[in-house]
Amino acid sequence: MAQLQLADIFTFPVVTVTPDRPVHDALSLMRERMISSLVVVDGDRPVGIFTERDAVLLTYRHLNAENILVGEVMSKPPLTALPGVDYHQGYGLITAQQVRHLIIVNQQGELAGIVSEGDFLKHLSTDFLVRFKEVGAVMVENVVTFPGDATVDDAVCLMRRENISCIVVEEQAQPLGIFTERDLVRLAAIPGQTFDIPLVEVMTRPVCRVTVDTALNDAIQEMDTRCIRRLVVVDAKGCIVGLVTRNDIVKQLYNRHVEHLQETLDLRESELTEVRAELKVERELRRTEERLAESQRLTRIGNWELKYETGELWWSDETFNIFEVDPRQFESTYEAFLNELHPDDRHLVNQAYTESVANHTPYDIVHPLHFKDGRVKYVNERCETFYDDAGKPLRSVGTVQDITEREQAQQLLSESQARYQSYFIHANNAILIFDPEGDLILDANPKACELLEYGHDELLHTSVSSFHPDEMEALEVFVKAVFSEGNAVTEELTCLTKSRQRISAIITGAVIPYEGNTAVLAVVQDVSDRVRLEESLAHSELMYRQLFERTGTGMTVVEADGTFSLVNQDFAKLADSVVEDIIGRSYLDFVDEQDRARIKSYHDSRLLGEEAPLSYEFRFSTAAGRTGWTLLNIAFISETGQTLASVIDVTETKQAHERLRLAASVFDNTAEGIVVTDTDGNIIEVNKAFTEIMGYSREEVLGRNPRIWQSGRHDINFYRNMWKALIATGSWRGEIWNRRKDGDVYPGWQNINGVFDEDGKLTQYVSVVSDISQIKQSQEKLDHLAHHDALTGLPNRLLLSERLK
């Protein structure tokens with residue numbers, strides 16, 4: 001038990017909340033999960049703990065759980081420990097701090113688990129219950145009780161003042177129920193709950209009881225079965241005499257465990273004293289044996305002796321180590337030795353030893369040792385047998401040496417040679433081995449034969465220089481560098497194949513041993529594709545450069561620090577400057593002060609990998625102080641933050657858009673009706689004033705001809721003259737009578753003008769019409785007043801005079 005660590009007993013996963021969580025939610029979560037605490041975390045790090053006792057304090061202060069955050073009432077900082085801490089030391093921590101929970105964190109301070117008093121109780125050995133056989137030995141006798149009609153508020157105040165976790169509700173000295181911190185959590189999680197209600201309505205019942213003489217083991221089992229932390233202790237009459245809690249039991253068991261450890265340490269110290277005395281006597285003898293054993297260990301050589309007649313076998317310690325056999329489980333016989341061997345090797349070893357004894361020859365054999373875990377050792381056994389005068393064998397004395405490393409090295413060498421041969425044959429690059437002095441090829445792999453277009457036998461003893469007739473000097477420098485530095489790499493060379501085709505190659509060379517001499521191993525890498533790719537890239541770069549310079553649009557490259565590293569002439573012209581003066585300057589130097597903060601935020605966001613517009617307009621400020629509008633389009637952003645963008649002057653476009661906006665505003669808000677038709681007279685747009693004057697909706701007239709509102713008051717010659725004027729002059733104006741949708745005929749003043757494109761071609765007609773009904777009515781009234789008496793309404797002299805004329 002002393003070896004247990006907190007990592008062996010902690011609980012995970014842990015139920016957590018954040019500091020900004022309402023207390024009401026936390027209480028509801030505790031009630032739902034039936035747990036006594038919540039760990040408060042910020043990210044993965046615990047910053048506090050919210051327990052049932054914090055709920056007591058919350059109620060005691062009459063705080064509203066719906067308006068308080070967990071971070072305001074949690075216990076902080078939390079008590080923490082690493083998983084590797086001994087669990088007794090962990091319990092000492094919570095005892096010293098008088099808390100019931102210990103939060104477990106890793107080396108980075110991140111939440112790993114939680115340990116409660118119940119976890120400590122589960123893992124304490126039942127050996128320590130001997131001293132406390134009955135409940136009476138660990139119970140608390142001074143039990144705090146309340147009558148059933150006492151209020152929850154009274155109970156909370158007492159629990160806070162006395163720092164206790166429960167109150168027993170009694171009636172005539174007998175337990176009626178129990179009110180605990182968990183009951184308070186359940187109440188506090190109810191919205192709007194008040195605490196002036198009697199305890200008898202909210203207490204937990206029936207209460208779990210035990211007697212004073214109940215076995216402590218049974219009491220612990222009862223608490224585990226019912227998932228509770230407390231038992232009320234009663235006498236034979238059922239009256240309250242005490243209270244036993246998990247905390248009381250763990251505390252007593254912990255103290256007893258410490259005493260037990262101290263007793264054990266005292267006993268071990270006494271035994272060590274006796275052993276030291278015995279060791280002192282044996283020390284000198286063992287020193288000699290240790291020296292021999294150390295010599296055998298360093299050389300990995302053990303020795304053995306076999307009495308031939310009895311078969312009795314003696315092994316040194318190193319022999320046991322080599323065979324990995326426990327001396328206490330070894331019979332020390334020749335048969336036991338053979339049984340340690342693999343069945344496939346047993347007969348061979350026995351035959352070699354038997355023949356050496358029979359033939360009076362030394363015994364010398366190498367054989368493997370196979371172990372259950374799959375490992376294999378190799379040993380070299382040697383011995384000499386001694387005989388009596390009659391030639392009868394008496395005993396054999398020998399050695400056994402662990403030669404595993406030597407055998408493994410030999411195997412690795414063989415494997416390395418096999419791997420080299422496999423690589424040599426199957427390599428993707430051409431490999432040649434040649435004699436630098438004789439300039440002759442000694443060996444070549446299939447890829448070299450394929451590259452140079454020769455058969456293997458053709459290449460052997462062919463001169464290396466014959467493949468590089470134009471670069472002998474570079475080849476000589478390469479060979480000298482290989483021998484002086486051990487390895488070297490050529491610049492790009494041209495190799496000549498059998499078909500006289502030239503290929504580009506880079507040769508890497510190293511000095512290797514070869515058949516008792518030294519040779520050069522050359523790896524020939526065909527870089528013809530790369531050369532062609534580089535030429536293609538150079539061509540692409542030239543095309544990019546020409547496109548960059550001749551695109552007709554301002555082009556820029558801006559580094560991550562915001563400075564221009566490349567601009568074209570079009571941008572320099574836009575900036576009223578020259579290329580040389582712009583390079584190295586900040587892009588913000590050419591942004592109007594009104595937009596500078598916005599444009600900088602876009603640039604910074606892109607560097608951080610955040611979302612930002614790739615196309616936007618801003619006010620541009622040139623070196624000459626001129627301002628205007630530009631459109632920036634980002635074409636490419638490199639991993640280093642380098643940005644390629646085009647910059648277009650859109651000042652005139654912006655102004656044109658503004659004029660169009662104003663025209664659209666006039667079109668929509670003028671009091672005159674406006675009709676736009678195509679060249680055939682079909683209506684393509686009307687404004688709001690038109691719909692109000694004519695009574696037609698926009699949808700009703702689109703695509704139709706204006707003849708739908710002809711009044712019938714004008715003859716065909718009227719309209720024929722109108723069209724003649726439009727065709728001749730492009731415009732017409734005059735008074736016209738139109739018919740509304742409801743049939744009402746009204747007088748209007750109409751202006752019709754043709755719209756022409758840049759080539760002078762007619763594209764639309766625009767008609768502006770005003771309702772002059774009121775003007776007409778006013779004119780008629782004035783005419784009537786001028787020609788009639790105002791009093792009698794009879795015609796006057798002016799009308800008579802005009803009629804006579």
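The structure holds three cavities of 30 Å³ or more; a cavity is a set of points, on a 1 Å grid over the protein atoms alone, where a 1.4 Å probe fits but cannot get out. This is a predicted model, in which local features need pLDDT of at least 70, side-chain atom pairs count only at pLDDT 80 or more, and totals for chains, interfaces and linings use all residues. Residues are numbered from 1 along each chain as its sequence is written, and side-chain values use heavy atoms, with hydrogens and water left out.

**Confidence**

- The chain has an average pLDDT (the predictor's confidence in each residue, from 0 to 100) of 83, and 91% of the residues score at least 70.
- Helix α11 (residues 246-299) has the lowest confidence, with a mean of 67, while strand β1 (residues 16-17) has the highest, at 94; helices (H or I, at least four residues) and strands (E, at least two) are DSSP runs, numbered from the N terminus.
- Over residues 125-130 pLDDT stays under 50. Where pLDDT is low, the predicted coordinates should not be read in detail.

**Largest cavity**

- The largest cavity has about 230 Å³ of space, a volume being the space filled by probe spheres set on the points, which are joined across faces, edges and corners.
- It is lined by 18 residues (those with an atom within 4 Å of a point), and the closest to its centre are Thr556, Val558, Tyr587, Tyr616 and Leu632.
- At least two lining residues come from each of β24 (554-558), α22 (596-607), β26 (615-621), β27 (627-637) and β28 (643-649).
- This lining has 14 nonpolar, three polar and one charged residue; Ala, Val, Leu, Ile, Met, Phe, Trp, Tyr, Cys and Pro count as nonpolar, Asp, Glu, Lys and Arg as charged, and the others, Gly among them, as polar.

**Second largest cavity**

- The volume of the second largest cavity is about 120 Å³.
- Among its 15 lining residues, Leu432, Val464, His468, Ile507 and Val524 are the closest to the centre.
- Its lining comprises 14 nonpolar residues, one polar and no charged.

**Sheet**

- An open, antiparallel sheet has five strands in the order β14-β13-β17-β16-β15; two strands pair if DSSP finds at least two bridges between them.
- β14 (313-315) and β15 (363-370) are the edge strands, each with a single partner, so one side of each is left without a neighbour in the sheet.
- β13 (residues 301-307) and β17 (residues 393-402) pair over seven bridges, and Lys307 has Arg395 in β17 as its bridge partner.

Notes. Contact means heavy atoms within 4.5 Å. On a 1 Å grid over the protein atoms alone, a cavity is a set of points where a 1.4 Å probe fits but cannot get out, and a pocket is an open set with protein on both sides within 12 Å along at least five of seven lines; lining residues have an atom within 4 Å of a point.
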